[in-house]
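I opened the model to look up a few points and noted them as I went. The entries follow the structure below.

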Amino acid sequence: RRMVPYTSGYFLMFDRDEKIDEKRSFFVEMPAEVRQRYLQYYYNIDYLNHVIDFAKEPSVYRDTDILEDQDRHNTEFYTQFLCPQNIPFGSGIILYKNRMLKGIVNLFRSAEMGDFTDKHIYILDFLKLHLSNILDSLTNVVDEQVRQGRLYSRHELSAREQEVAALITEGASNQT
């Protein structure tokens, strides 16, 4: 918050299918009911998705650069989600590695704080590749530890838990 002051925010992690991994994602200064509403409904209509659809590499955005204020203020996401939380300004980083969506850092600011400045965007832009690489490395380390069984012994997993963890590491879903 010292480098880029914000009111609230989130860090979303994505799985191999580019679906939100809720267990590995976290929110800052957002009540549980707001988090759930965002994940269950508002994420799908967030205008951030316009950037995600086109970006296949780490990208920095500011909400007011995505849509003109007149258009932004008329969206359901703005009127029903951002305004009631008094977080009308957003900015962040879409974290890609090897053209795969790995995560999103999204920061929000209150009306009193005002919009994110060019300096804030510069700082986020400076961090985007570093954060993408760290996130990719951490994911690979955990996957490798699971493959080698180190994670199993450290957390005393049962044989069935080890089997499920191995399937998840291989990209299996609940349906397979």
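Which helix does tyrosine 122 lie in? I found tyrosine 122 in helix 6, residues 118–148; helices (H or I, at least four residues) and strands (E, at least two) are DSSP runs numbered from the N terminus.

Notes on the source: this is a predicted model, where local features need pLDDT of at least 70 and side-chain atom pairs count only at pLDDT 80 or more, while totals for chains, interfaces and linings use all residues. Residues are numbered from 1 along each chain as its sequence is written, and side-chain values use heavy atoms, with hydrogens and water left out.

Is tyrosine 122 buried or exposed? I read a relative accessible area of 58% for tyrosine 122, so the residue is exposed (buried is under 20%, exposed over 50%, partly exposed in between, with a 1.4 Å probe and protein chains only). Valine 60 is 62 residues from tyrosine 122 in sequence and 8.8 Å from it in space, C-alpha to C-alpha.

Last, helix 1. Helix 1 covers residues 32–45 and bends by about 50 degrees at leucine 39, the bend being the angle between axes fitted to the seven residues ending there and the seven starting there. Its buried residues are Val34, Tyr38, Leu39, Tyr42 and Tyr43.

Terms used: The expected span of a helix is 1.5 Å times one less than its number of residues.
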